[in-house]
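Visitor: I would like a tour that backs up every label it uses. Show me the model, then let me ask.

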Amino acid sequence: MVEIKLQLKKAPKVPVFAEALSPKAFAGKSSGEIEELPLLEGGRSAKLGEFFDVKVQGEPAADSSQCDVTLKGDLSKFRYVGKGMDGGKLVVEGNVGFYLGEEMAGGSITVKGNAASWTGSMMAGGQIEVFGNTGDYLAAPYRGVQEGMLNGSIIVHGNTGTHAGLWMRGGVISVDGNAGQFLGHRMQDGVILVKGNCGPRVGAAMKGGRIIVQGEVAEILPSFTYTEIKDKAKVGAEKIPASFYVYTGDSLEGGSGKLFVSRCRNRRLNPEGEVFPEGVSVNQLTVPLVEKLINEAERLGVQVTKHSSGAVVVDVGLKAKGSEEAGKIVTLICLGNLAEISIGREKYGEDLELPTLYETTTGHPAVATLGAQFAGWAIKTEDYFAMGSGPARALSLQPKKLYQKLCYKDEAKVAVILLEADSLPTESALKLMAETCNVPLEGLYVLIASTSSLVGSVQIAGRVVETGIHKLTELGFNPNKILKGKGSAPIAPVHPKSEVAMGITNDMILYGGDVYYEVACKTDDEIINIIDEAPSIASRDYGKPFYETFKEAGGDFYKIDPGLFAPAKITLHNVKTGNTFTAGKISAPILKRSLALLKTP
Amino acid sequence: MELLIKNGIVFDPLNGIDGQKMDIAIRDGKVVESVSSGARVIDASNLMVMPGGVDLHSHIAGSKVNAGRLMRPEDHFRDPEAKTPTTRSGVGSTVPSVFTTGYRYAKMGYTTVFEPATPMLKARHTHDELDDIPILDKACFPLFGNDVILLEYLKAGRIEEAAGYVAWMLEAVKGYAIKIVNPGGLEAWNWGGNVLGLDEEVPNFGITPREIVRSLCKISKMLNLPHPIHLHPNNLGRPGNYETTIETMDCVRDLAGEKPVIHLTHVQFEGYGGRDWLSMSSEGVEIANYVNRHGHVSIDLGQLVFGNATTMTADGPFQFQLYQLTGNKWTNSDVEVETSAGVVPYFYKRSNYVNAIQWTVGLELALAVRDPWRVFLTTDHPNAGPFTAYPKVIAWLMSRKARERVLSKIPRMARKRSNLSSLDREYSFSEIAVVTRAGTARSLGLKNKGHLGVGADADVAVYPLNPREVDPSKDYKKVRKAFGNAVWVVKEGQVVVEKGEIKTAPRGKTFWVKPDIEEDVLRLAAANLKAKFREYYTVEFDNFIIPEDALARPQVLKAG
């Protein structure tokens, strides 16, 4: 390896054609020979030595791949640096001018500053990395030429201008910042990834390849056709986990290029007719309810502990006995206060009457249920484990994929969470929760209840609407198309053994839950395709009390068909077509069999 | 200034000189009997000497050439010409910049080149560009075959007035001969259509291409123009078009005189058999057979050369069809009153059987037409290939081996659909001199060009090749190299190329023809036209006329 260092000593007055600034030209040359290399300053023939001090360390190598070249200084006026490079390393410590690495086939170029337009023009291999911005026409071919970048990769950490990837035929362009208009214009193949925003006319006249925009797009051309939502995009071996609208085009060219644009950052495109959650903080909304629990602790039968760290822990059903009203409040807290709840009595079959919870969403149903209430956060430290549910999840984004689907996250400085556990959270667990939610410990409110408690029974019945939405989502239904959710489920009597309690409370939903959703779908097909699969009856494990199923599975949850977790009866009403679809039924006999378990000690 | 080109091996077919060793004496831009002992001597011992090349069909200037330049930056950027103390910088490839055009022609030993398609309205532009092309003598052919005013005269059957109009127009725009492109078809193209046969009526005029061709042929004779009508026929570039081509040649058979009365240009594009691209075949020999039997016709090849080309013709509907076929970029221009034009870049592939058949058509024509005085070497630059490929074409004409080499590489289907492999003829140096200078000069009526007799313009090319030693049939590569790099070139007695480099780049002349017509007929034509200008044109009548002093070095040629 030979190290060749050039220091700019005289800035040129006019642009310099500097094809000689390349490992290819330097290979096998001494510093004296390098200084003699020709450059063209405007119309004047000049020598490299006029502009640069040259130092060569090590034996000159005839093979350019053995050359490690460093150029220091502001080279903004030097064009064609690294042109036709086929190997070796070129580092520019400063800015560099037009046509950097034009037609390069191998090796690597690193620019610490900015690179001007036509960086990587028509490149066929190798790598260019620019830490600053680039000008327009990144990787684009010479004017009029219809064969663009063929292979290799270009990474820009800053922004890029217009027409990046023009006529691109292969390889990868990755831009951390924003891109200007006409991104991927006339692209044939290859991949362009823009992590920031991009200007109008993205993908115009593209025939193939993929453009991925993680930020906002200024527009989608009318000649692009929306195809689907995808949960990831691939760039080489790398997968980008985010929710994308996928478009194909440009149909004016008969093209089949793919345009992935971030769904959550481009909600206004809304090709699916989704209802996006806007401007609600599920944590903030529950603060009055939490305050009520704390202020009226005694009446509600709950115990409040202010932890030394500053976090507040409210025992609603562990040692505390709780109350029906506390159960309702806790349920509402879990739903981010985006619902109304009442409790009454309902007949199930001829001779069974049970206390029943009625629930109606008042806000965004998917945010209330999947975004808050869903028990999707396994809080795990060395000395503690619990399943967490409630609004705090919208801060910790657990699980992340679900929030991508909803395009929702909360940014409140208060976090409220319900733990279903048999012991109080430890110091480490509190710290973990606060950190993950990015709130101070003083802003953390932890409610805790075991399944074998009154509050536990009530709040599990209160999950009937969530269970249905979750199942529909698992079946591929877009939860953001649900406008309203209503449901009811019997409230299970409390059983002291948590496994049995878990079984009975589940049965209340699986065999006694009845839900109704108002949805907005362009066609009924979206509903017809899944409705029969939606209720619990569609599961192979349907038909006996959950406790029995659980025992048969050897106490292993993962052996149970996840499709079982659904309300007994599901009704979908499509407001766009006026049609209503129902599947499943309430099963009083199985509810009875389940309740018979109460007698087992 | 005197100059003596000594001991060269001279080919001057017009003067019956076929490879004799002799000296050429030059004084004041003309070939003379002898010069004084003080003359500058060029030692041409064992070198081949020919008159300067004369090209009668090469698109080198005008609005569509410029459109081609503008739309094809990619054509230029890999072929730059740096400036030198004697030459300007420029770019080359298929549509070179004006200066580069002059230099590259001169380096091949060419000294006269005619631009064959000029819309009258844009003639001023053509002349400005021609003026900028150094070294070469030039001229341009105005486009008459679809001119609305002319068609109106023909529709009314007023051929004398039509002749007056053509004469006035030629003089007004400083043109040289009558050019016809797709007669009637371009007028139809102004309405989005075309005319697909010699007897199909031109929309709105009720006359046929046959009548247009015949009338213009008669007018050309009436005006005693030095060059016959220069014709790009209907149906160019379509399979099966050779029948139209032969019909077109035949439609003026009765007008035959001493000289050819019709010149069909770039006939390669007009010699296709078959019904469609799949069944396409070469019918070059068929056309050659007609030419051999009929002395009233001359043709040039439009020989295809594999590689990059920029198709540009006044044939708008053909260009549009080519654009649809290739999906390449294109432009349409000059659609107003007089004509149309289109430009589409094209890459001729040896592996493409259609392109390969096209390649064979031109060579079939060249080899099967027996009289070299009626078949000329062109590539219809830059349509079938750039003029810089002439040496390649010369090598194909002179060497069966050179042709075999390409034949062995083209698709078998193309070989089967052509007669080329059965043609054994190989051109001699003298015949090459005919098809590249003597014949073209005679066809253009340039009495002082294309030969080295006393009184001729002293345009001379000396090629680095000893024709007595080199067997062109075997050493075709040497032939190709020599014709591409003249070692000396003299233009009007001035050494412009020395040792293969441009030594100086003087300005050439622009020829124009003053037709043989009564002055009062001309005045009447002008008076009639003045009224029409208000109706049809976007410029004033007086501004339309190009005065002679608008040309840098005009050279009038009186017809008759």
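Guide: Start with B:L231: its bridge partner in β13(B) is B:L264. This is a predicted model, in which local features need pLDDT of at least 70, side-chain atom pairs count only at pLDDT 80 or more, and totals for chains, interfaces and linings use all residues. Residues are numbered from 1 along each chain as its sequence is written, while chains are lettered from A and ligands numbered from 1 in the order in which they are written.

Visitor: What makes β12 and β13 of chain B a pair?

Guide: Two strands pair if DSSP finds at least two bridges between them. Strand β12 (residues 229-232) and strand β13 (residues 262-264) of chain B have 3 bridges, in the parallel sense. So they meet the definition. The strands themselves are DSSP runs of E, at least two residues long; helices are runs of H or I, at least four; both are numbered from the N terminus.

Visitor: Which strands are the edges of their sheet?

Guide: The open sheet has 5 strands, ordered β11-β12-β13-β16-β20 in chain B, with parallel pairing. β11 (179-181) and β20 (375-376) each pair on one side only, and these are the edge strands.

Visitor: How do you know which way β22(B) runs against β21(B) and β23(B)?

Guide: From the bridges. β21(B) and β22(B) run antiparallel and share 3; there B:A461 stands opposite B:V489. β22(B) and β23(B) are also antiparallel, over 4 bridges, with B:K491 opposite B:Q494. β22(B) and β23(B) form a hairpin with 2 residues between them, and B:E492 in the turn has a positive phi of about 50°.

Visitor: What makes you say that both faces of β22(B) are covered?

Guide: A residue is buried if 20 or more other C-beta atoms lie within 10 Å of its own, exposed if 12 or fewer, and partly exposed in between, with C-beta atoms placed from the backbone. In a regular strand the side chains alternate between the two faces of the sheet. On one side of β22(B) are B:W488 and B:V490, on the other B:V489 and B:K491, and all are buried.

Visitor: Why is helix α3(B) called largely enclosed?

Guide: Of the 10 residues of α3 (98-107) in chain B, 9 are buried, so the helix is largely enclosed by the rest of the structure. Among them are B:F99, B:Y103 and B:K107. B:G109 follows the helix, with a positive phi near 85°.

Visitor: What makes the largest nonpolar core a core?

Guide: A nonpolar core is a set of buried Ala, Val, Leu, Ile, Met, Phe, Trp, Tyr and Cys residues joined through C-beta atoms within 7 Å. The largest has 177 residues, and B:V49, B:V166, B:L365, B:V462 and B:Y463 have the most contacts inside it. Helix α12 (residues 353-368) of chain B gives the largest share, 10 residues.

Visitor: How many residues link chain B to chain A?

Guide: 4 residues of chain B are in contact with 4 residues of chain A.

Visitor: Why is chain A called more spread out than a compact globule?

Guide: Chain A has 16 helices and 29 strands. Its radius of gyration is 32 Å, well over the 25 Å that the globule rule gives for 601 residues, so chain A is more spread out than a compact globule. The radius is taken over C-alpha atoms, and the rule is 2.2 Å times the number of residues to the power 0.38. Along its principal axes the C-alpha trace spans about 105 × 55 × 40 Å.

Visitor: What makes β20(A) and β21(A) a hairpin?

Guide: Strands β20 (residues 339-348) and β21 (residues 352-361) of chain A pair antiparallel over 10 bridges, with 3 residues between them. A:S342 has A:Y358 as its bridge partner. In the turn, A:G349 has a positive phi of about 70°.

Note on methods:
Contact = placed C-beta atoms within 7 Å.
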